[in-house]
Amino acid sequence: MSLDNEMYIDNINLWSPNNPYLYRLKVITKEDLYIQKFGIRKVEVKEKAIYLNDEPIYLKGFGMHEDSFINGKGNS
């Protein structure tokens with residue numbers, strides 16, 4: 001029994017912040033049902049810039065990590 005399968009999507013709808021399109025993948029086995037949403041996008045770093053789907057993008061926000069030596073998993 002082969003577990004390798006391939007999936008092709010024609011005319012893909014690329015995910016972006018302005019178009020957060022998600023596909024829905026449904027996998028059925030004899031015992032289980034799996035449903036997973038996913039987006040398709042292309043991310044590149046070129047010349048100190050980040051590109052999403054071949055367009056420059058400016059990212060806002062911050063990364064918040066809850067582990068610290070003093071607080072452990074708490075946030076201050």
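The side chains of Glu 44 and Lys 42 form a salt bridge, 3.8 Å from N to O; a salt bridge is a side-chain nitrogen of Lys or Arg within 4 Å of a carboxyl oxygen of Asp or Glu. The model is predicted, so local features need pLDDT of at least 70 and side-chain atom pairs count only at pLDDT 80 or more, while totals for chains, interfaces and linings use all residues. Residues are numbered from 1 along each chain as its sequence is written, and side-chain values use heavy atoms, with hydrogens and water left out.

## Exercise 1

Task: describe the secondary structure of the chain and its overall accessibility.

Solution. 

Step 1. The chain has five strands and zero helices. Helices (H or I, at least four residues) and strands (E, at least two) are DSSP runs, numbered from the N terminus. Along the sequence the pattern reads β-β-β-β-β.

Step 2. Of the 76 residues, 7% count as buried. Buried means under 20% relative accessible area, exposed over 50%, and partly exposed in between (1.4 Å probe, protein chains only).

Step 3. The accessible surface comes to about 7,700 Å², and 53% of that belongs to carbon and sulfur atoms. Accessible areas come from the Shrake-Rupley method with a 1.4 Å probe; for residues, only the protein chains shown count as cover.

Step 4. Among contacts between residues at least 6 apart in sequence, 25% join residues at least 24 apart. Contact means heavy atoms within 4.5 Å.

## Exercise 2

Task: work out how β3, β4 and β5 are arranged in the open sheet.

Solution. 

Step 1. Strand β3 (residues 43-46) pairs with strand β4 (residues 49-52) in the antiparallel sense over four bridges. Two strands pair if DSSP finds at least two bridges between them.

Step 2. The bridge partner of Val 43 in β4 is Leu 52, and that of Lys 46 is Ala 49.

Step 3. Two residues lie between the strands of the β3 and β4 hairpin, where Glu 47 takes a positive phi near 50°.

Step 4. Strand β5 (residues 55-56) runs antiparallel to β4 and is joined to β4 by two bridges. Here Leu 52 has Glu 55 as its bridge partner in β5.

Step 5. The hairpin of β4 and β5 also has two residues between its strands, and Asn 53 in the turn has a positive phi of about 55°.

Step 6. Put together, the three strands form an open sheet in the order β3-β4-β5, with antiparallel pairing. The edge strands are β3 and β5, each of which pairs on one side only.

## Exercise 3

Task: trace the salt bridges that involve Lys 42, Glu 44, Lys 46 and Asp 54.

Solution. 

Step 1. The structure holds three salt bridges. One of them joins Glu 44 to Lys 42 at 3.8 Å. Glu 44 is partly exposed, with a relative accessible area of 25%, and Lys 42 is partly exposed at 38%.

Step 2. Asp 54 and Lys 42 meet through their side chains at 3.1 Å, N to O. Asp 54 lies in the loop between β4 and β5 and Lys 42 in the loop between β2 (33-38) and β3, so this pair ties together parts that are 12 residues apart in sequence. Asp 54 counts as partly exposed, at 46% relative accessibility.

Step 3. The side chains of Lys 46 and Glu 44 also meet in a salt bridge, at 3.9 Å from N to O. Lys 46 counts as partly exposed, at 37% relative accessibility.

Step 4. Through shared partners, the salt bridges join Lys 42, Glu 44, Lys 46 and Asp 54 into one network.

## Exercise 4

Solution. 

Step 1. Asn 53 sits in the loop between β4 and β5.

Step 2. Leaving aside neighbours within four places in sequence, Asn 53 is in contact with Leu 14, Trp 15, Ser 16, Arg 41 and Lys 42.

Step 3. Ser 16 is found in the segment before β1. With neighbours within four places in sequence left aside, Ser 16 is in contact with Leu 52 and Asn 53.
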